[in-house]
Amino acid sequence: MRTVADQFVDTLAAAGVKRIYGIVGDSLNGLTDSIRRQGKIEWIHVRHEEVAAFAAGAEAELTGALAVCAGSCGPGNLHLINGLFDCHRSRVPVLAIAAHIPSAEIGSDYFQATHPESLFRECSHYCELVSSPRQMPRALEVAIREAVGKRGVSVLVLPGDVALQEAVDAPAPKTGGLLPRPTVVTPSADDLGRLAALLNGGKRVTLLCGSGCQGAHDELLALGEHLRAPMVHALRGKEHVEWDNPYDVGMTGLIGFSSGYYAMHDCDTLLMLGTDFPYRQFYPQGGARIAQVDLRAENIGRRAPVELGIVGDVRATLAALLPLLDRKADDTHLTRAQQHYAKARKQLDDLAAPGKGLIHPQQVAKAISDQAAADAIFTCDVGLPTVWAARYLAMNGKRRLLGSFWHGSMANAMPQALGAQITHSGRQVVSLSGDGGFTMLMGDLISLKQLNAPVKVVVFNNGSLGFIELEQKSTGFLDFGTELKNPNFAAMAEAMGIRGIRLEDPGAVTEGIAAAFAHDGPVLIDAVVNRTELAMPPSVTVEMAKGFTLYMVKAVISGRGDEVLDLARTNLWR
């Protein structure tokens, strides 16, 4: 008998799905047994369903294709939800299979009962309960099209008993109908003319570039040359914008560069390209004219008052716009921004120089960038690892950088690295993990060994929830609840059969990372780094300076003056 589960797996295979990340359970038995018997799709066994969702999201982001994760009924699929929120907000195509309690028990407060069709609604484009074999084929096809076409999450809730029922006859799915190709949107001639007039009229034009600039590198360089315009990139635009780009002047935002901030505030015209950069306080204040190009109309004008909003693909829009632009001769604005960036870049590089005593995390991040493969895939945890990745990982058009840049979840880096490594077995994958994020889903370090995934996990071990501690200090609060009592992570990895390398001396950093990258298998680098590193120096803003001053006064009054001395000793002199 051909079951609903068999039909389900056949459809996924027709959609090009190669693997499913998850943990087995009785409500998933029909599906997992079909996967076993058919041999068309690989089952990737992880230790926590949240890891499954993050890993699927990494696969979807790197390949652009549909990725799939699964969880058993009740608590099993509930564990998927945080990773699915990240996938949905990152706009990557993921299908989640949420197995359900027996259909006859729905509504009876049965063991492990939840209502997944309600719970997953907010983090999906499509979320439906499959209640009969007749419904399943069409529901699955719709779910796939919604995830792929709208770039986000679809969830199908499938009771275990329905998966085991006999399938109904249904037309075999056609790949072309399952996987709609994205449309390239070019603005109208009138819109292009208005945008050209606005840019031609600006004397100090700055570009703010985001992830929507993927694939438009050549057009961006041509635009920068025409307008003599500095380019500021958002974090998700880093991998697509900054490499081989004389017009790039760094990031803006609290984890960005001062040069990026000033290039935006010093302009009279700002062009936003494929970005929904959320922090309104970093946009130009006052009379700057702002235009925005984005494929999604809902993004336009959401963060700053926009004079001209244009719906369009960035690459196609710039290709059509360039012939309409005047070539600007005055490069005063660009030169000033470039000089500011060179100064800011040198200051950051100086902080990464090897020193004495404690290891500074900047040194570790730069050593990783210097020694990593030309096509390495990096993932980074939220918090300080994102700061070091943003400032020290050099992009080149081949490297990739993944993180929880919109959802802002802890513990994303190692699970995303797992998905990246499973999907790209021949490439080097490096996880920049914080000790807080790493320990949150630390159990899946074992999965790297079990799956023989040679991920290099670098743990920035500063014994604290470092970014939160810094936020507390910078707003005048005494740090509270941030301390972490960590084990020797390298020794722990060795106990799991994974190579462990512990770094405690700045002189050993380069050699230790080289040894890790040379090892044929998973490695954990336990980098014991300075806890009091100022990722956001108090000079960034007046308010932060006030916050640090208040923190130091409170620390002295409460008998924690040694912390103030440590802060000064390890940072201010630098």
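The model is predicted. It holds three cavities of 30 Å³ or more. Helix α1 (residues 4-14) comes within 10 Å of helix α7 (residues 136-150), axis to axis. The axes of α1 and helix α2 (residues 29-38) come within 8 Å.

**The largest cavity**

- The largest cavity contains about 70 Å³ of space.
- The lining includes Gly466, Glu469, Leu470 and Lys473.
- Arg531, Thr532, Glu533 and Leu534 also line the largest cavity.
- Leu384 and Leu567 complete the lining.

**Helix α1 against helix α7**

- The axes of α1 and α7 cross at roughly 30°.
- Angles under 35 degrees count as roughly parallel, so α1 is roughly parallel to α7.
- The crossing of these two helices is right-handed.
- On the α1 side, the contact uses Val4, Gln7, Phe8, Thr11 and Leu12.
- On the α7 side, it uses Met136, Pro137, Leu140, Glu141 and Ile144.
- Seven residues in the contact of α1 with α7 are nonpolar, two are polar and one is charged.

**Helix α1 against helix α2**

- The axes of α1 and α2 cross at roughly 60°.
- That angle makes α1 oblique to α2.
- α1 passes α2 in a crossing that is right-handed.
- From α1, the residues in contact are Ala5, Asp6, Phe8, Val9 and Asp10.
- From α2, they are Gly30, Leu31, Ser34, Ile35, Arg37 and Gln38.
- By class, the contact of α1 with α2 has five nonpolar residues, three polar and three charged.

**A residue in both contacts**

- Phe8 of α1 takes part in the contact with α7, and Phe8 also meets α2.

Note on methods. Residues numbered from 1 in each chain as written. Predicted model: local features only at pLDDT ≥ 70, side-chain atom pairs only at ≥ 80, totals over all residues. Heavy atoms only, no water. 1 Å grid on protein atoms, 1.4 Å probe; cavity = no way out; pocket = protein on both sides within 12 Å on 5 of 7 lines; lining within 4 Å. Points joined across faces, edges and corners; volume = space filled by probe spheres on them. Axes fitted to C-alpha atoms, helices over the stretch in contact; angles between N-to-C directions. Helix = DSSP H or I, 4+ residues; strand = E, 2+ residues; numbered from the N terminus. Parallel < 35°, antiparallel > 145°, perpendicular 65-115°, else oblique. Left-handed = near helix turned anticlockwise from the far one by under 90°. Contact = heavy atoms within 4.5 Å. Nonpolar A, V, L, I, M, F, W, Y, C, P; charged D, E, K, R; others polar.
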